[in-house]
Structures are given as structure tokens and as C-alpha cells.
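This report describes a structure for a reader who is new to protein architecture. Please look at the sequence and the model before reading on.

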Amino acid sequence: MARRGILGLFRDADGAAEAVDWLRRSQFSSEEFEVLTGSPYPEGAFGEGHIKHRLFIFPFVGAALGFAVAILLNIGTQVSYPIVTGGKPILSLPPMTIITYEGTLLGAILFTVLGIVFESRLPSRLPKIYDPRISDGYIGVMVACPEERLNEVDRGLRQAGAVDVKWEPGAAAKI
Amino acid sequence: MASSQEVTRHLLGGGRGRSPSFWLLVGVLTVLFGAGVVGLIIRLQGGFHERSVWGYYAATVAYLLTITQGAPLVAVALRLTKADWRRPVTRAAELFTVVGVLNFFLFLPLLALVPSAQGRSTVWLQWPWGAPHVWDTLAWALLVLCGLALLYTSVLPDVAAARDGATGFRQRVSAWLASHWQGTERQWRVQRGGLVLLGVFYLMLFVLVHTLFSSDFAMSIVPGWKDAIFPPFHALSGLQSAVAVTVVAMYLWRRAEGQPYLGRDQFWALSKVLFALSLLWFYFWFAQFLTMWYGRLPIEQTLLQLLMVGPYRVPFVLAFSLNFLVPFFILLWNPARKSILGPTLAATSILVGTLFDRIRIYVSAYSVEESAAHILEQVPATRLPDGVDILMVVGLVAGAVLFYVLAARLIPPIAIWEVKEGLYLRVERLFLRKGVSVVGKPE
Amino acid sequence: MQERRDTSFPQINQDLLRGVIKTPIWFWLVLGALGMVVLGGAGAMGYLFYVGLGLTGLNWPVMWGAFITTFVFWVGISHAGVMLSAILRLTHAEWRRPATRAAEVLTVFSLATAALFPIIHVGRPWRALYWIFPYDFARGIWPNIRSPLIWDPAAIFTYLTGSSLFVYIALLPDLAAARDHTTGWRHTLYSVISLGFRGTARQWRLQVMGGILLSALILPVFVSVHSIVSWDFGMTMAVSGWHVTIFAPYFVIGAVHSGVAAVVTLLALMRWVFGWQDYIRREHFDALGRLMLVVSTAWLYFFFMEFLFALYSGESAEIALREMQVFTPPWSYFFITFLLTAYFIPVPLWLFRGVRRSVPLMFLTSLSVNIGMWLERFLIFVPGLARKQVFTFDWYTYRPSAVEITIIAASFAVVALGVLLFSKFFPLVPIYDVKEGEVFSTRIEVGRRKVPAVVREE
């Protein structure tokens, strides 16, 4: 089934929320539409579904990896070049703590950044019908709409108060 | 949501604390406290010539100082930062000031154990007179007085509410305590300003007392122990335990009375603070340990022996685990942090850990023989607690609990005025399709 | 937040992207002036490399002087970013919004500048590079991870990486806004680096959660960095005045003290230069002033502890060091200046609400703090080394040479230039955060009065 993107632009948040209500009444699931805003709104403000993400796993994985690498570096360098300096024994824990600590946190931070980008579904191509007015406070409701329902959705969005509705030109698309 | 009148009625509650189990608790605590006092009397009869037998007593005093006298700062800090969730928490924390009174009297015998600062290495350097005894006592007394003033200022509007609602004996006491309070706008302004000022003074005195007590009553006793981070570490441990003791008090109290005001929000918010303070605990300890370990100076190696890895390694390992490792691994997990049980477990662990931490510091320091040496050469052997020590530790801690329980019986253990203020500054609303709470920020 | 003026999103975009979109004359003038100073510094550096470290005032036993002082100073300034933006994010402080980006950017540039100094101090930096890249594994020589001089670059690398990524992640939505308001090559540039961010509910959710998570992760790094910098000194036995257990937290709190002050300086400049009176408001300076009261007093406590325990046991080495700091001119003048500028002039002033709400006064007092904090480090390092030896005939002093002073002055221009160029390409006030503040702010009625309020999700 071919789908095309359709974007309704709303000047106020109430209209967007009503559009979302209408979409839900018209059997659209929360994977089929998304609300675009120029700033964060409280989660679920437009009645969109709960967002599942696994961001919290990333820092743990990163920390584990960073820890492992740092420990290997710590042990490896000391074992391959075992010179006792300042009376501090080879492989003594207190000074090893520090590089291990930095390595662990570096791993955790790198993976968290990756996780944020990845879980935000970025990088992605900006849809052609994206409208710069969204960053000026308009609220966009973008629907991945089956071809045969385009007119219906257009009407529904306009009824909810959309000031502008844009259709994705031509070919099938996904959002 | 409860109305203002309901809050007052509920919190001033007629039925509160009249149950037999309450009196049973008070009875048990009184017996234990009595035993502790007996232990102290036995020890006093032994005299002060041998310092080492007082190690566990000093550890207990330090322990009570650490866990209870920082608690009002929880209330102070949360009020200063205008944390909205603090409202039901503050009084539970503030009430711990009453323990300070008991603690002050427990502190006095220790004075006989510490020689004058003249001719020794102390923080008093060449101070001409009265160091450390007079000034330490004065600082501690000021701390306790300031705490009581803070408590009184905070309690005043609630006592007035009790005056207007109660009968008989309580009515008369309340009327005497809250004689002028009518709740005029000017009175509220003064009360708020007073809370801020007294809070700031209390914080300064708290840090001062920790600094003086830890340096005069532990560090200066051990020849050659020069350790700038030890007083801040002692005070930080006081803050960590303060949050912990507040959490535990909140939990017990919730269990005992089914408080509707102390909810997950409060535990969750405090758990974050607790987590941060546990990390800081490790940080301060590590800064001390690493510098001493890395330097390889003979005296510093001996000190590490004395305080950490030598005869007191068991209490040290316990303290390290219970003050840092256990809370860290519990509170690392989001679900645990967001629960009520998680923070409570971590806090309990911290309270136990702090006892061992004070034991490894004070018992070891007090077991060092008095000598003219400038540097500690021999690490003394482990000193295990005898029967009297155990009586004192258990009994005096029970005494502290007793003071707290009785105070909570007399004083509304939730700041009624603060909760009521929250009632109209927090509104539940619908934001488009989502229910949110809206928090008012006056000023 | 009663001073907030209701502003619309287009207005916010227009105001906060002004620096990015328009290029006024003063921009070129300032750029030129800073460029000249930087070039001068680069020239001095080249001359120094050509002739050698003999051009500096460094001499036995004072082998670490103004360069290392300035290194520590800039690392200290870099602590502002995370301190403000992470702690204030974690505590949901409303007033953080306009300040976070500037603080983070200051972190990145001052940290990068700080990292220059050890490299300059090597004397012949290309040799250091030659030893490291490519690493000659065949020799079987490995870095000594038990040395603080290895911990330090590791910590700074972690912090620089982490804070740069932190800035970038928080920049994504603003890059998208910039993309929507530019044309031509800049539009293309912003399109690419904004990664196609379009403001779906999921992206915002991740942005907010990620910001908090990254804050929580970068805080421990921030504490560790300055601790490790302090251990460059504290681990050594050679200078007994440095071998102090309190050094790590003392340095960290001092760094926060100077860093927050630097953010105040920067915010005041931003307010004047870009005309952002509606965004960087007096209430923000008020809040920062209160924060600085707490931080500076905590710092004073640690300073006092450090000083007290130096005298604690009355060792002759310690006494000699303190005697030089406090009583020997010109160090005694530095010491008095340091105490006055770092604490005793600004802090009593901040007690007054009127001072905290006056932008020029906050600007001046924050500058004063940083003068004091530079001197503080100078007073720790130089007298420490000058009195390091046992015998008085081995005592010496230090005076920075013209070349050193030029390079140090240029380092300030480098940081300023970095922030200025950043502001040319990216908004210095987080646009989306300010907008979020607008969305989340509301009012509730208490009796007859309307009280400003914020929406809380949890």
C-alpha cells in the first residue's frame, strides 16, 4: 500500500491536539503520525503515544566497554614496561583507579551521545514537506497516509484548524 | 486534594501516638537509654587517666553528632533552594535538633580526655587561652542553641494552630509558646527571614563544630596526623548521614502512621541527593587516601595502617562498603531510586556504615598512647568493645531515638504551615491532553 | 520569573539568531583586534620556540611559573560550563535557560586553550608530538599510568570530548532553527550538521532526557579533572606545601568559584553586545550572585583549611613557604590583592540585592574574582617552588618575562575569539530552551494575585 506524507500546520497547540484526536478516531496508530514542534512540550501533551526508548542501556554498555579498555591499558602498560617508580608497586590499585575512572566515564559519555542520536532516529533526511514555520512556533502534524485516504486526512486536518496542509509530491514515501 | 482545614486537623491529629505500641516503644527506648547511662556512669567511675577505654564513647558522641545534627540542614537547604517537594520533609529533619541537647551533655566528659592545645600540634596553633576546651564547648553550645531557635521559628505557626485547636495541658503550653503569633503578614515575613538567617548560621556552626571536633578530638590526639581534608570529610559525612537519617525517619514514620504526605516524590528527590553525597563521600575519602598512599612518607603509611588497613580494617571495610558501595549500587538503578524502599535501604546502610566509620576513626585515635613523640611510630593493637562499651553505644543511640520520638509526639512532625502553603502553590491542571502539576513560584 | 516578558517564537528566533544572521561592523573590528593579539601571541610563541625556554623567567628551582598558573586558571574557568549547566539542569532550575550554552561554550574554549600551555611549556612541542605519533611500539616503552602527568591528559581529553559532545547535542535543535532561517551555503551547512532534526515528540523527549543523562555523566568527570590537575602538584613530595590531602576539593571549588564568575562576565557581555535584555535578565544575575555567595564561601572554608593545616605542625618548610606568600614583597602584595579581589571585596557586595541585580557591578565583581583566582594559583605554585629547598641559599624567586606575559595575554584573546566566532555560527543562548521556558510557564491564581508558575511533568 503506497503511502504519502501529509503535513498539517497549526498556529496553536489546541488545534494540533484536536487533529491528533481526530487521527486516533480515524484509526491511525501512533506510528503513522507525528507531531512536530519548535520546542519541547510535556510528553503526551498532544495525545501522542508514550515514547519507548532504550537510552538508559547505552551508558551502561559504554561504561562497561570503557572500563574494560581502561583496565587493559592499565595492566598492559605496566606489565610490558615494569619499572617501579617512587616505590609504588606494579599493578597497585590506587593509581590505576584514575585512568580506569576516566576511561569508564569516557565510554559512558560517548555511548550516551550515540544513544541520543540513534534513539532520536537521527541522522535522517528532512521530509520534503517539512515547513520552516515549525521553528517559528507553528505545530505540524505529519501523517504517513495511505494514498486513498489523503483527501480525508486533508479535510480532517483542516477541520481541526490547520492553516496550511501540504502534500508530499508524487512518489511513495515514508516518514 | 485535601483542603487546608483537613490538613490542619489531620496533622494536629487527636489520635496520633496514643496507641499502646507507641508507649511500648518509648518504654523500650527508655530502658535502653537507662542502660546506656549506667554504662557511662561505670566508665566515669573508672576515671579519665586512661584515654583508650573511652574510644567507643567518643565514637558514639561523634556518631550522634554526625547523624543527627546535620539533619536540620536538610530542611534549611531545601527551603533555600525552594524545592517544592520539600514541604512534608522539613520538619522530620528539623526535629533532630532536639537530639543535639542530649548530645551536648554527652560531649562534656570528652573534654577531660584532651589536653590543652599548648605545646601540641592543633588547629589552635599558638592561641593563648582556653583552647580547645572552652571554645569547642562554646561552639557546640551555640550550635545547639541555634538549632533550637531554628526549630522554634519553624514550629511557631504550627504551635499557634495547636493553641487554637487543642485543649487542656497542650493548649496551655502552646498558648505560652506561641504567645504573639497571629499570622499577620509582617509576622510571616519575619518568620521566613528568620528561618533563612538562622539556617545560614546553623550551617556555619555545623561546619565549625565538625571541624573543631574532628581535629581536636581525633586528629590532634595522634602525633603526626596532619590531614587538611579530614575535617571537611567529617562534615560531609555529617551531611550524608543527615539525609540518610531523614529518609529513614520518613520511612519509619510512614510505616507507623500511614502518612499520606510523604510519598514517592519526597523519597525520589532525596535519593538523588543521597546518591550525590555518597559519591562525594568516596571522593573526599579518595583524595585523602591517594595523597597519603602516593607520598610514601613513613608517617603517612603508619596513619593509613592506623585508620584504614591495619588493626581497624574490619570497621573500615564495613564503613567503606556501607557508606559508598551499597548506596552507590542501589541508587545507580533508576527503578530503585524512584521507589520508597530503595532510598530507605541505602540510607539504612549509610547510618550503619557511619557508625563503623566513626569507630575506625575515634577508637583507633583514642587507643594511641599519650607520648611526647612528634610522629606516631607504633600502631596500637585492635581494641574490641567490652560490655560497658556496648551498653553505651546501644544505650546512647537509643537515647537519641527516644528524644526524637518524644519530640515528634509534642511537635507536629510535619510543618503544617509549609504543607498548607504548598496546597495553593501547586495545582493539578490539564496541559492540552496531559495532566501536569503547575508549581507557583512567588517572589 | 515575574520579569519574563511574553515573547513569541518568531521574536525569539529573530532575537537569538541575530548574531548568526547579521554581521555588524563591530564584529569585524573586534575580530580584527582579537586577531591581532592572537597573532602577537603566536609570534611570541614562535620566538620562544626558536630561542628556547631560556626566554622565560623560569629558573631553578622555579621551573613552573606563569604558564602552568595560566594552565590551571583556564582549566578552572572551564569548570563553569558543567557546573552551571549540569547542576542546574539536574535541579530543574528555571533560571538556567539562557546561561547554559554560554557556560558550556566557555568550557570548551577555555579547556582547549588550557591544553596549549603544557604543550608550550614542553619547549620543543614537535618533539613531544614526534614521540607520540606514531607511537614507536618496537621500543617497548609505555607511558607510566601511575604518574599524575599521564592522568592529567587523560582527564582533560575525557572532559574536552565530553563537553564538546554535550554542546553539540544541546545544539541540535538550534541548528535546526538556524537551518530554517538561513539560505544558501549556510542553509546547507546547518542542514547537514543538524542531522535532519525536525522536532518530533520523540526527538524532544530524547533531547531532554539525554541532556539530563549527559549532565549526570559529565559531573563526575568535571570533579575529577580539577582534582587530577591538583594531584599534578599534590602527589609530589618535593614541595611540602603541595602535598596536602585537601588539594583536590580545594582546587575544584576554586575552579567553580572562578568559573561561575567567568560565566557572569560572559553573560553581561552578551547582554550588552547582542541586546538580549529580555533573555539575560537581572533575575539571572541575581540568581548567579546567590550561587556565587555559596560557592565562594565554601571556597573560603577550603582555603582556610589548607592554610591552617599548613601551619598545623609548624614544619620549617611550610613556615618558609607561608612566610614568603604572606610577608615577602612582592608576594605579600599579591596575597593581599588575591584575598581582597577573590573574596573580601566581591562577596560582601553580593549580599546586597541591589548589587546582584546591577549588571555593571556584577560584571566588575566577577572580573575581580578572576583576577584573585589567577593570583591564588600563582601564589601556590611559585612560592612553593621558590622555597622548595632546605637551605636558604637555594631559595630563589621568579619574574615572568615579556614573552610569557604576551603569550598569557594572547590566551585571553584566544578564548574571546573562540566564543566570538562561535557566536557567529551558532546561537549563544539556547533557543529551544528559552522557547521551552515560554511553553512551560504559566500563572496560577492565589487569592487576588496571579503567581507565576511552571509546569512540572513528574
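Which strands of chain A does helix α4 of chain A lie across? Helix α4 (residues 150–160) of chain A lies across β1, β3 and β4 of chain A, and runs at about 10 degrees to β1(A). Helices (H or I, at least four residues) and strands (E, at least two) are DSSP runs, numbered from the N terminus. Angles run from 0 to 180 degrees between N-to-C directions, the axes being lines fitted to C-alpha atoms, for helices over the stretch in contact.

This is a predicted model, in which local features need pLDDT of at least 70, side-chain atom pairs count only at pLDDT 80 or more, and totals for chains, interfaces and linings use all residues. Residues are numbered from 1 along each chain as its sequence is written, while chains are lettered from A and ligands numbered from 1 in the order in which they are written.

## The sheet of chain A

Four strands of chain A form an open sheet in the order β2-β3-β1-β4, with antiparallel pairing. Because β2 (33–36) and β4 (164–167) of chain A stand at the edges with a single partner strand each, one side of each is left without a neighbour in the sheet. On average, neighbouring strands of this sheet are turned by 20 degrees against each other, direction ignored. In general, strands of a sheet pair through backbone hydrogen bonds. Here two strands count as paired if DSSP finds at least two bridges between them.

Strand β1 (residues 3–10) of chain A pairs with strand β3 (residues 139–146) of chain A. A:Ile6 has A:Val143 in β3(A) as its bridge partner. A buried residue has 20 or more other C-beta atoms within 10 Å of its own, an exposed one 12 or fewer, and a partly exposed one a count in between, with C-beta atoms placed from the backbone.

Helix α1 (residues 13–25) of chain A lies across β1, β2 and β3 of chain A, at about 20 degrees to β3(A). Chain A is divided into domain 1 (3–39 + 137–167) and domain 2 (57–119), with bounds that come from an automatic or database domain assignment. The C-alpha centres of these two domains lie 49 Å apart.

## Strand pairs

| Strands | Pairing | Bridges |
|---|---|---|
| β1(A) and β3(A) | antiparallel | eight bridges |
| β2(A) and β3(A) | antiparallel | four bridges |
| β2(B) and β2(C) | antiparallel | four bridges |
| β1(C) and β2(C) | antiparallel | six bridges |

In the pair formed by chains B and C, B:Val438 stands opposite C:Val455 in β2(C). Within chain C, β1(C) and β2(C) form a hairpin with two residues between them, and C:Gly447 in the turn has a positive phi of about 60 degrees. C:Val446 stands opposite C:Arg449 in β2(C).

## Contacts between chains

Two residues are in contact if their C-beta atoms, placed from the backbone, lie within 7 Å. In the contact of chains A and C, 50 residues of chain A meet 53 residues of chain C. Helix α3(A) gives the most to the side of chain A that touches chain C, with 15 residues. By class, this side has 27 nonpolar, 14 polar and nine charged residues. Ala, Val, Leu, Ile, Met, Phe, Trp, Tyr, Cys and Pro count as nonpolar, Asp, Glu, Lys and Arg as charged, and the others, Gly among them, as polar.

## Buried residues

Where is B:Leu113 placed? B:Leu113 is in the loop between α6 (97–107) and α7 (133–165) of chain B. B:Leu113 is buried, because 20 other C-beta atoms lie within 10 Å. Not counting residues up to four places away in sequence, B:Leu113 touches B:Phe48, B:Arg51 and B:Trp54. The C-alpha atoms of B:Leu113 and B:Ile221 are separated by 9.7 Å, although the two residues are 108 residues apart along the chain.

A nonpolar core is a set of buried Ala, Val, Leu, Ile, Met, Phe, Trp, Tyr and Cys residues joined through C-beta atoms within 7 Å. Of the 297 residues in the largest nonpolar core, B:Leu274, C:Leu106, C:Val260 and C:Val263 touch the most other members. A second, separate core of 33 residues includes A:Leu7, A:Ala16, B:Val436 and C:Trp204.
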